[in-house]
Amino acid sequence: MNCLFGKCSELEEVDISNIKFSSYFKKFTRIFEGCVKLHTIKGIENLYVKNITDISSAFRDCKNLKADISKWSIPIFCTITCAFMHTNSKIFKKPDILKKK
């Protein structure tokens, strides 16, 4: 999945809680990139990500997004280049694997 909502600069809220992603879902690249007004993604915490291989720029520039994906089980080999660039770490909780030790 690439750029599903990318560059939707006026998007403020989206509900993905009823979207079913299969185990074949491998890429989550640039899916919300550039959604500068986006503050809520309902259902993001329950997204199936165990087979994800690439989340590059997925949330890039989502500076108003308040989300908790800390329970995501992202594979250690997943590409995360710029996935969280220009996000607000005070309101956007990332998975443990991405936290600095």
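Reader: How many disulfides does a search of the whole structure find?

Author: The search finds zero disulfides. Please note that the structure is a predicted model.

Reader: What rules out a bond between C82 and the closest cysteine sulfur, that of C62?

Author: The same cut-off of 2.5 Å applies. The sulfur of C82 is 13 Å from the sulfur of C62, which is therefore too far for a bond.

Reader: Where does S57 lie, and why is it called buried or exposed?

Author: S57 is found in the loop between β2 (40-42) and β3 (67-68). Its relative accessible area is 10%, under the limit of 20%, so S57 is buried.

Reader: Which residues does S57 touch, leaving aside those up to four places away in sequence?

Author: Those residues are R30, E33, T81, C82 and A83. A touch of this kind requires heavy atoms within 4.5 Å.

Reader: Where does K7 lie, and what makes it buried or exposed?

Author: K7 belongs to the segment before β1 (13-15). Its relative accessible area of 55% is over the limit of 50%, so K7 is exposed.

Reader: Where is N88 placed, and why is it called partly exposed?

Author: N88 is placed in the loop between β3 and β4 (92-93). Its relative accessible area is 29%, which falls between 20% and 50%, so N88 is partly exposed. The C-alpha atoms of N88 and I76 are 23 Å apart, although the two residues are twelve places apart along the chain.

Reader: How many helices and strands does the protein chain have, and in what order do the elements run?

Author: The protein chain has zero helices and four strands. From the N terminus on, the order is β-β-β-β.

Reader: What makes the protein chain as compact as a globular protein of that length?

Author: Its radius of gyration is 12 Å, close to the 13 Å that the globule rule gives for 101 residues, so the chain is as compact as a globular protein of that length. Along the principal axes, the C-alpha atoms fill a box of roughly 35 × 30 × 20 Å.

Reader: What share of the 101 residues counts as buried, and what share of the accessible surface belongs to carbon and sulfur atoms?

Author: In the protein chain, 43% of the 101 residues count as buried. The accessible surface comes to about 6100 Å², and 52% of that belongs to carbon and sulfur atoms.

Definitions and conventions: Residues numbered from 1 in each chain as written. Predicted model: local features only at pLDDT ≥ 70, side-chain atom pairs only at ≥ 80, totals over all residues. Heavy atoms only, no water. Helix = DSSP H or I, 4+ residues; strand = E, 2+ residues; numbered from the N terminus. Buried < 20%, exposed > 50% of the residue type's maximum accessible area, 1.4 Å probe, protein only. Rg over C-alpha atoms; globule rule 2.2 N^0.38 Å. Areas by Shrake-Rupley, 256 points an atom, 1.4 Å probe, with all protein chains shown as cover.
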